[in-house]
Amino acid sequence: MASEGVKLGLIGLGTVGTGVVQLLTQNGDTIARKLGRPLALTRVASRSVHAKPHPPLENAQLSSDPWSVVHDPDIDLVVELIGGIEPARSLTLEALRRGKDVVTANKALLAQHGAEIFAAAEAHGAHIGFEASVAGGIPIIRTLREGLAGDRNRALFGIVNGTCNYILTTMSEHAEEFATVLARAQAQGLAEADPSFDIDGIDAAHKLTLLAMLAFGVRVSFESVYVEGIRHVSQTDILFAREFGYGIKLLAIAKEEDDTLEVRVHPTMIPRSSLLAGVGDAYNAIFVQGEALGSSLYFGRGAGSLPTATAVVADMIDTARQRGTIRGSGVPPLGMPWHELRAIRLRPIDEITSEYYLRFMALDRPGVLARIAGILGDHDISIASVIQRGRSEGDETVPLVLRTHAAKERNLKAALCLVDELPIVQGKSVSIRIEENLG
Ligand SMILES: NC(=O)c1ccc[n+]([C@@H]2O[C@H](COP(=O)([O-])OP(=O)(O)OC[C@H]3O[C@@H](n4cnc5c(N)ncnc54)[C@H](OP(=O)(O)O)[C@@H]3O)[C@@H](O)[C@H]2O)c1
């Protein structure tokens, strides 16, 4: 095998799959020089491979059946790029069971079935590469697993969903409402026809599950990640945020404190002067705070055919290198063997402490601020600053906007329930968490 190259079987010839074929074609010679042997694309299986145009694949056997790749005893490395849970899960497990290495970009699969898949890789001494599954072309998995292996991470903040970042950046720069920007993003192919996975924060939560395991060496289940999407972010709140000196980003946040871990995804106000606030359009960035290193920031394209393919091909090269060593002796996929990952208490959202932006639509009467401040004070929530606007003609209510000092989420929810019942307040109050320490 060594002299004739590493035999690759690619499953899925869509956005990322065609990028991988293009990179292997363009950079094949350089890759062979790096490896000392070529990466040989031997089999390609994709549902519509015989019906849709695809890049030239002269030396590969083509099929629409993904099992033809997994069942071929000659294939050394299976590259899964079909996405979704099934049949990706069964194909991956069977490939590992047969001792084949696997490279995948499938964050949904690893976030939801990681325990089973990482354990199978270990049991069969196979390698699993998943660099492309988080933040596309940014090598954040390798960075957390290897580059930062000697440090103890305290917190991680990620802009890891390009669609949400594009929508929030455009809303902020062009003063447009969420629905308008989303519709245009869909028309331009920047958002899916069914955008819920992205805009409801699910995709970011999949990525955070993996990032948190790597950054903190703990077991994290996808179900334990608190998730809030960006549907309710309004132009009004973007403008008030700016007055307070903040921008709004969908952040994936993981923080370890007192032997517990917070893992949450939600719209977050961050200082406009912070580096993360400057990450615009569909770009991704991950900000890591380590005890020894301090702060570090990783920035780049989080999606797209060629950017994501660079991560897939890097994993292929890495995996091919590890095949030359004793099976199972390479770097474990999560930086340590599965059984060494700590079980840690995950702090429910009600137990977190945060500063908050609050907006109420209140009747323009004397004493309104005092009533609301009184309820907040009764719940140990103190006000850091206030913006109060006068009434324009025709307005029944005026926005009353507050920024709080650090408060307990549980207390905030209890206080907002009471405020929302006041006859002087109309509609539901808006609250957005603030993160200050991002520099
Ligand atoms: N797109 C990105 O920028 C990006 C970035 C990071 C990670 N990822 C991840 O990369 C993976 C692939 O994403 P993608 O954007 O390339 O998806 P895609 O464009 O939808 O491509 C998926 C390909 O797999 C084929 N396929 C689907 N189910 C199949 C089955 N059961 N058997 C055989 N072929 C099947 C599809 O065939 P048809 O042509 O018939 O549909 C299509 O060619 C996903 O896990 C995704 O989350 C994507």
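Helix α3 is mostly covered, with seven of its 10 residues buried; here, buried means under 20% relative accessible area, exposed over 50% and partly exposed in between, using a 1.4 Å probe and protein chains only. Helices (H or I, at least four residues) and strands (E, at least two) are DSSP runs, numbered from the N terminus. The model is predicted, so local features need pLDDT of at least 70 and side-chain atom pairs count only at pLDDT 80 or more, while totals for chains, interfaces and linings use all residues. Residues are numbered from 1 along each chain as its sequence is written, and side-chain values use heavy atoms, with hydrogens and water left out.

The buried residues of α3 are A88, L91, T92, L93, E94, A95 and L96. They pack against β1 (6-11), α2 (67-70), β4 (77-80), β5 (101-104), α4 and β6 (128-129), where contact means heavy atoms within 4.5 Å. After α3 comes G99, with a positive phi near 80 degrees.

Two pairs of helices can now be looked at in turn. Helix α3 (residues 88-97) packs with helix α4 (residues 107-123) at an angle of about 15 degrees, and their axes lie 10 Å apart. Axes are lines fitted to C-alpha atoms, for helices over the stretch in contact, and angles run from 0 to 180 degrees between N-to-C directions. This makes α3 roughly parallel to α4, as angles under 35 degrees count as roughly parallel, over 145 as roughly antiparallel, 65 to 115 as roughly perpendicular and the rest as oblique. On the α3 side, A88, R89, T92, L93 and L96 meet L109, H113, E116, I117, A120 and A121 of α4. By class, this contact has seven nonpolar, two polar and two charged residues; Ala, Val, Leu, Ile, Met, Phe, Trp, Tyr, Cys and Pro count as nonpolar, Asp, Glu, Lys and Arg as charged, and the others, Gly among them, as polar.

Helix α12 (residues 368-378) and helix α13 (residues 409-421) pack at about 155 degrees, with axes 9 Å apart, and are therefore roughly antiparallel. Here I372, I375 and L376 of α12 meet A415, L418 and V419 of α13. That contact has six nonpolar, no polar and no charged residues.

Finally, the largest nonpolar core has 84 residues, of which I140, L144, I167, I230 and Y357 touch the most other members. Such a core is a set of buried Ala, Val, Leu, Ile, Met, Phe, Trp, Tyr and Cys residues joined through side-chain atoms within 4.5 Å.
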